[in-house]
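I opened this notebook to record what I looked up in one structure. The entries run from the whole chain to single residues.

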Amino acid sequence: DIYASQCQQNLYYPFASLGDWEIVNFLLTSRLSMRAIDEFLSLHLMNSLPLLFSTAKELCSHAEMLPSGPHWNARVVPTTHPMKSPVTLYYHDSLDCVESLFNHPLFTQMMDYSPSHLFTTTKHIVRVFMEWMSSDGAWDLQLKFPKGSTLCSVILSSDKTHITNMCGRKVAHPLLISLTNIHMDIRNKGSSHAFLLLALMPIPTFTHPATQICSVLKVHLFHHCLDIVLKPLKQATCFGRMMSDPVGNLCYCFTPLVSYIVDTPEACMLACI
């Protein structure tokens, strides 16, 4: 973040204060037109406030300085068999997505940073399993990494989805990513945005006359695209990555994949059955 030094002095940078940020957040999410925002900011009451902006254009220029999150990448995936059209893979950097979730300020009080044991009483007789970080799997996995490191366990989910059935039968195959560190009740809420769109997996059309061969080629291409998208996570799982948590502490993080949420057909495809 090129504005990290300014953020250390002012938590609400590029805005002057919490009041500035609340006004900007209200105006940008209110679906008002640029003209309506200009009229609102020209009110005598608004002119009396110490705002850093006085027009909609100035407001938007300040908003564009906010962190934008992971950037999209596009890559043409070569194949050895002919297709009707070239295959393009659209994806985010998987490690940037993990870092964006791990240091998200909204998850400050809703995230686990180390495995734990929960019991109903102080005698430790009945154990309670609430989050993945309270499972034996988390403890076993933590022991495989250096002492003092942080486990950023990754969850993936994918499902081929029909967008239109009446007009061209458009189909999308999104791949989503999240972290087990985020509490389950928060992670499962769509409004929390705890699952990020990691990639749009290509849906190829091979011209081979045998349908069985086409199916095998599609599965092979899907696995190849997964390998491209998840390569940064594999490297971070082997060597680790320094990441900042929501309050600014640096953590030595490892990113193993611990869960992949799919339906039965896609599970068979991932297992090469």
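**Basis.** I noted that this is a predicted model, in which local features need pLDDT of at least 70 and side-chain atom pairs count only at pLDDT 80 or more, while totals for chains, interfaces and linings use all residues. Residues are numbered from 1 along each chain as its sequence is written, and side-chain values use heavy atoms, with hydrogens and water left out.

**Whole chain.** I counted secondary structure and found 10 helices and 13 strands in the chain. Both are DSSP runs numbered from the N terminus, helices being H or I of at least four residues and strands being E of at least two. I then looked up the radius of gyration: it is 23 Å, well over the 19 Å that the globule rule gives for 273 residues, so the chain is more spread out than a compact globule. This radius is taken over C-alpha atoms, and the rule is 2.2 Å times the number of residues to the power 0.38. Along its principal axes the C-alpha trace spans about 70 × 65 × 35 Å.

Buried means under 20% relative accessible area, exposed over 50%, and partly exposed in between, with a 1.4 Å probe and protein chains only. Of the contacts (heavy atoms within 4.5 Å) with a separation of 6 or more, 57% are between residues 24 or more positions apart.

**Asp20.** I located Asp20 in helix H2, residues 18-29. Its relative accessible area is 2%, and therefore Asp20 is buried. Beyond its neighbours within four places in sequence, Asp20 is in contact with Phe15, Pro50, Leu51, Leu52 and Phe53. I also checked Asn73, which is 53 residues from Asp20 along the chain; their C-alpha atoms are separated by 33 Å.

**Thr150.** I found Thr150 in strand E5, residues 150-151. Thr150 counts as buried because its relative accessibility is 8%. Leaving aside neighbours within four places in sequence, Thr150 is in contact with Phe102, Tyr113, Cys251, Tyr252, Cys253 and Phe254.

**Pro209.** Is Pro209 buried or exposed? I read a relative accessibility of 78%, so Pro209 counts as exposed. Pro209 lies in the loop between strand E10 (196-200) and helix H9 (211-239). From Pro209 to Phe222, 13 residues apart in sequence, the C-alpha to C-alpha distance is 20 Å.
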